[in-house]
Amino acid sequence: YSAAHPMRSVFTGKNAVHYANTPFFDRAGRLIVPVQITRLQEDDSLFCPDGALSFHEMVVLIGTWANDGRMDWTASQTVTMEPDISTRGAVEGAIAEMPDGRFIMIMRGSNSGNPDLPGHKWFCTSSDGCLTWSNVRVWGYSDGTYFHSPSSYSTVIAHSNGRFYWIGNICADNPSGNGPDYPVVVGEIEATTGLLDRNTIMEIDTYREDDPAPVHLRNFTVYEDRSTKELVMRMTRLWVDDKIGRASCRERGEI
C-alpha cells in the first residue's frame, strides 16, 4: 500500500474511507476501528443508487501493538448491503465484544429513493475477532419481532457493569430515508442473543408540540462517566426551517 492506495478498495482522489463509529480496545488489547468506504465502479466513478446521497461498505481496522511502539493494522472482510436491501449500503456500524467472545456490528441502512424497502437497523456477527463477518440480517428485539428505524446514527456502549446499551432512533412506522429520527431511546442488548430487549427501552427525547418543525434527534455522542458510572449523552435538538432552508439549534447540552 502507498499514499495513493492506502488500503484495500481505497484510492486517493477517487473515493474515501472515514470513521464510522466509536473505536475501542477489545479484551485482547487490539484497537477495533469501524470505518466505511465509498464504493467505486469499474470506470472509477462513485457508485450511488438513484435517490441516495452516498453508498458505503463497512470494514473493520484491527490495530495491534508492534515492538517499535507503533501499530500494525489488518483490515477485515468487507461487509456489504446491496441497494435491494439498503440504498446507501452499510453505514456507521457500531461494534461490541460480547462476553462469549463474539463481536456484533449494528449498522444503519436506508430506503432513500426506494420507500417500499423496510427501514431497520441491520447487524452481523464475527466469531474470529472481527476478521470475517456473517451475512447481514435485520436487527430487532430478542422476542423475535422487529422495529422500524430511520437511516440515522446509533451506537453501542459496553458499560463497566458488564451490560451493553444501544442508543438510537425507533419510529412507529416505516421511515422515509433519514426520518423521522425521533424518538431517541436507550435499551439493553441481551448478551446471549446480541438482540435488543424491548422491555428495557427508555425514551430519552422526542418531538415536542412546541417544536417549530419536525425535530432531528441524531448525531449524538455518549460515554460512561468514569467516576459516577452514569451514561452522559451530548445531543443537539435540530430542526430545519423549510422556508429558508436553514438548520437551527434549539438546545445544546448534556442529558
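Colleague: How does the lining of the second largest pocket divide into nonpolar, polar and charged residues?

Modeller: The lining has 10 nonpolar, 2 polar and 1 charged. Ala, Val, Leu, Ile, Met, Phe, Trp, Tyr, Cys and Pro count as nonpolar, Asp, Glu, Lys and Arg as charged, and the others, Gly among them, as polar. One caution: this is a predicted model, where local features need pLDDT of at least 70 and side-chain atom pairs count only at pLDDT 80 or more, while totals for chains, interfaces and linings use all residues. Residues are numbered from 1 along each chain as its sequence is written, and side-chain values use heavy atoms, with hydrogens and water left out.

Colleague: How much space lies in the second largest pocket?

Modeller: About 230 Å³. That volume is the space filled by probe spheres set on the grid points, which are joined across faces, edges and corners. A pocket is an open set of points on a 1 Å grid over the protein atoms alone, where a 1.4 Å probe fits, with protein on both sides within 12 Å along at least five of seven lines. Lining residues have an atom within 4 Å of a point.

Colleague: Which residues are closest to the centre of the second largest pocket?

Modeller: Ile167, Val186, Met202, Ile204 and Leu231, of 13 lining residues. Strands β11 (164–169), β12 (184–189), β13 and β16 each give at least two residues to that lining. Strands here are DSSP runs of E, at least two residues, numbered from the N terminus.

Colleague: And the largest pocket, what's its volume?

Modeller: About 340 Å³. It has 19 lining residues, and Phe24, Ile95, Val156, Ile157 and Ala158 are the closest to its centre. The elements giving two or more residues are β2, β6 and β10 (155–158). Its lining splits into 10 nonpolar, 5 polar and 4 charged.

Colleague: Switching to electrostatics. How many salt bridges are there?

Modeller: The whole structure has 13. The criterion is a side-chain nitrogen of Lys or Arg within 4 Å of a carboxyl oxygen of Asp or Glu.

Colleague: What does Arg27 pair with?

Modeller: Glu97, with the closest N and O atoms 3.6 Å apart. Arg27 is in the loop between β2 (24–25) and β3 (31–38) and Glu97 is in strand β6 (residues 91–97), so the bridge ties together parts 70 residues apart in sequence.

Colleague: Are those two buried or exposed?

Modeller: Arg27 is exposed, at 55% relative accessibility. Glu97 is buried, at 13%. Buried means under 20% relative accessible area, exposed over 50%, partly exposed in between (1.4 Å probe, protein chains only).

Colleague: What about Glu82, which residue is its partner?

Modeller: Arg39, at 3.0 Å between the closest N and O atoms. They sit 43 residues apart, Glu82 in the loop between β5 (71–75) and β6, Arg39 in the loop between β3 and β4 (56–65). Glu82 is partly exposed at 33%, and Arg39 is buried at 17%.

Colleague: Which residues are linked in a network of salt bridges?

Modeller: Asp205, Arg208, Asp211 and Arg237. Arg237 and Asp211 meet at 3.0 Å, N to O. Both are buried.

Colleague: Last topic, sheets. What's the strand order in the open sheet of 4 strands?

Modeller: β6-β7-β8-β9, with antiparallel pairing. Two strands pair if DSSP finds at least two bridges between them. The edge strands are β6 and β9 (137–139).

Colleague: How many bridges join β8 and β9?

Modeller: They pair over 3 bridges. Phe123 has Arg137 in β9 as its bridge partner.
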